[in-house]
Every structure is written in C-alpha cells, then in structure tokens.
Amino acid sequence: MKNLILLVCLSLLFAGCQPQKETPKAVDLRCEYFENPLGIDTPNPRLFWKMEKPGRGAIQTAYWIQAASSAELLAKDSSDLWDSGVVESDRSIQIEYAGKPLKSSDEVFWRVKIRDENKVESSWSETARWEMGIMNQQEWQAKWMGAPAKLFTGELKNASPLLRKNFTVSGEIKKARVYISGLGYYELYLN
C-alpha cells in the first residue's frame, strides 16, 4: 500500500513538472520606436514588438506581419498594403516595412503574429497604426506665420508672441492635421 501511495504522489509531482505549452503573445507594437506615431518621414519605417510568454526560455522563431490602409480591412483578414507571410526569424526589432510604397499622410494599420520555440503560434496582436508625414518639400501647402522682428528688440525682447490666423472651412471635414514647427514653447488652440 505504501508503494502505491508513493507511486501516486510521484506521478502527481512529475505531472506538475511537465512543461506547459503556453501561448505566446506579441505586445507593445511600435513604429520607429514610438507607439502609434504621427508624422513618420521615412519611406520604410522600422517595426518593433515584444514577445510575452510566461516561464523561462521563451524564444520567438517566426513572425508574420500584415499591414492595411484601414483597421476594418485587417479585421476582415485583408492586408492591402503588405503581407510578409511567415518569416522564420527570432527578430522582433527594426523590421523594415516592405509593402506598397507609402505617400504623404497615408495611415497604416498593422498587426503581427508570432511563433515560439515549441511551434505554438500566437493569435494576431492588437492592431497598431502609424501615419506618414509630409514626404516631399513640394507638397507643403502651408503659409508660414511669424512675429515681426521688432518684437524681439528693446523691452519686448523676451515677449511671447500670440500668433493668430483666421480661416473659414467650407464643406464637411473628413480629416484634419496641423503640423507645427516651433522652437521652444507653443500651444495650439482651435475654436
């Protein structure tokens, strides 16, 4: 009887020591080191993520990236900009976007799926995004606003100018983006 109890206890002990096949997960998706950045100015941004998996010794052995022009397309498993296919690699940093050429102000929605050392595949990560900035000097349509030079002389030398620009928008606004290039401190207000 003692041997039977000892055998059952040992069986339970060793059953608890079996490696668990935990599912890996891709988290903390980044583009050019930022989370969901705006104004990316490189034609092939670099993508990053972290592998999350409980336990020790976890290693990514493959990844699969999909990129689309809308989150809705990705949700329908459609990647109109880039589908890397399964890439056998442990890399999860500085993966260059290798899809369709991107234009100024394009929005890109992307996700990644990874596989671990046990060939266990993750589900798709949460969708991340980035937006391209103005890529060519000729595309700038803005007019510069600035303070008159006399504002920075005499007793007004350290003044903080208030710059205003009135404009009227006709029609419905689908999307708007303000690009500000200012040295030092600024605040933007729209009403």
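Start by selecting Glu-121, which is partly exposed at a relative accessible area of 38%. Here buried means under 20% relative accessible area, exposed over 50% and partly exposed in between, with a 1.4 Å probe and protein chains only. The model is predicted, so local features need pLDDT of at least 70 and side-chain atom pairs count only at pLDDT 80 or more, while totals for chains, interfaces and linings use all residues. Residues are numbered from 1 along each chain as its sequence is written, and side-chain values use heavy atoms, with hydrogens and water left out.

**Stop 1: salt bridges**

The term requires a side-chain nitrogen of Lys or Arg within 4 Å of a carboxyl oxygen of Asp or Glu. Lys-113 counts as buried, at 14% relative accessibility. Now select Glu-107, Arg-129, Glu-131, Lys-175 and Arg-177: salt bridges with shared partners join these residues into one network.

How many salt bridges does a search of the whole structure find? The count is 14.

Next, pick Glu-117 and Lys-53. They form a salt bridge, and their closest N and O atoms are 2.9 Å apart. This pair links distant parts of the chain, 64 residues apart. Glu-117 is in the loop between S7 and S8, and Lys-53 in the loop between S2 and strand S3 (60–68). Strands are DSSP runs of E with at least two residues, numbered from the N terminus. Glu-117 is partly exposed, with a relative accessible area of 31%. Lys-53 counts as buried at 15% relative accessibility.

Go on to Glu-88 and Arg-115. Their salt bridge brings the closest N and O atoms to 2.4 Å. Glu-88 lies in strand S5 (residues 87–88) and Arg-115 in strand S7, so the pair ties together parts 27 residues apart in sequence. Is Glu-88 buried or exposed? Glu-88 counts as exposed, at 57% relative accessibility. Arg-115 is buried, with a relative accessible area of 16%.

**Stop 2: strand S7 and its partners**

Colour S7. Of its 10 residues, 9 are buried, so S7 is largely enclosed by the rest of the structure. S3 and S7 run antiparallel, joined by 8 bridges. Strands pair if DSSP finds at least two bridges between them. S7 also pairs with S8 in the antiparallel sense, over 4 bridges.

Zoom in on Trp-110 in S7. Ala-67 stands opposite Trp-110. In S8, the bridge partner of Trp-110 is Ala-128.

**Stop 3: Trp-124**

Trp-124 is found in the loop between strand S7 (107–116) and strand S8 (128–131). Display its surroundings. Leaving out residues up to four places away in sequence, Trp-124 touches Trp-64, Gln-66, Asp-77, Arg-111, Val-112 and Lys-113. Contact means heavy atoms within 4.5 Å.

What sits over the ring of Trp-124? The charged end of Arg-111 does, 4.2 Å from the ring centre. The rule asks for NZ of Lys or CZ of Arg within 6 Å of the ring centre and within 35 degrees of the ring normal. Now draw a distance to Ile-65.

**Stop 4: aromatic pairs**

The structure holds 5 aromatic pairs. Select one of them: Trp-82 and Tyr-97 are edge-to-face, 5.5 Å centre to centre with 75° between the planes. Trp-82 lies in strand S4 (residues 82–83) and Tyr-97 in the loop between S6 and S7, so this pair ties together parts 15 residues apart in sequence. Rings of Phe, Tyr and Trp (its six-membered ring) pair if their centres lie within 6.5 Å; planes under 30 degrees apart count as stacked, over 60 as edge-to-face and the rest as tilted. Both Trp-82 and Tyr-97 are buried.

**Stop 5: the core**

Show Trp-49, Ile-65, Trp-110, Val-112 and Trp-130. Of the 21 residues in the largest nonpolar core, these touch the most other members. S1, S2, S3, S7 and S8 each give two or more residues to this core. The largest share, 4 residues, comes from S7. Such a core is a set of buried Ala, Val, Leu, Ile, Met, Phe, Trp, Tyr and Cys residues joined through side-chain atoms within 4.5 Å.

**Last stop: an open sheet**

Select S1, S2 and S6. These 3 strands form an open sheet in the order S1-S2-S6, with antiparallel pairing. Strand S1 (25–31) and strand S6 (95–96) stand at the edges with a single partner strand each, so one side of each is left without a neighbour in the sheet. S1 pairs with strand S2 (residues 46–52) over 5 bridges. End on Lys-25, which stands opposite Glu-52 in S2.
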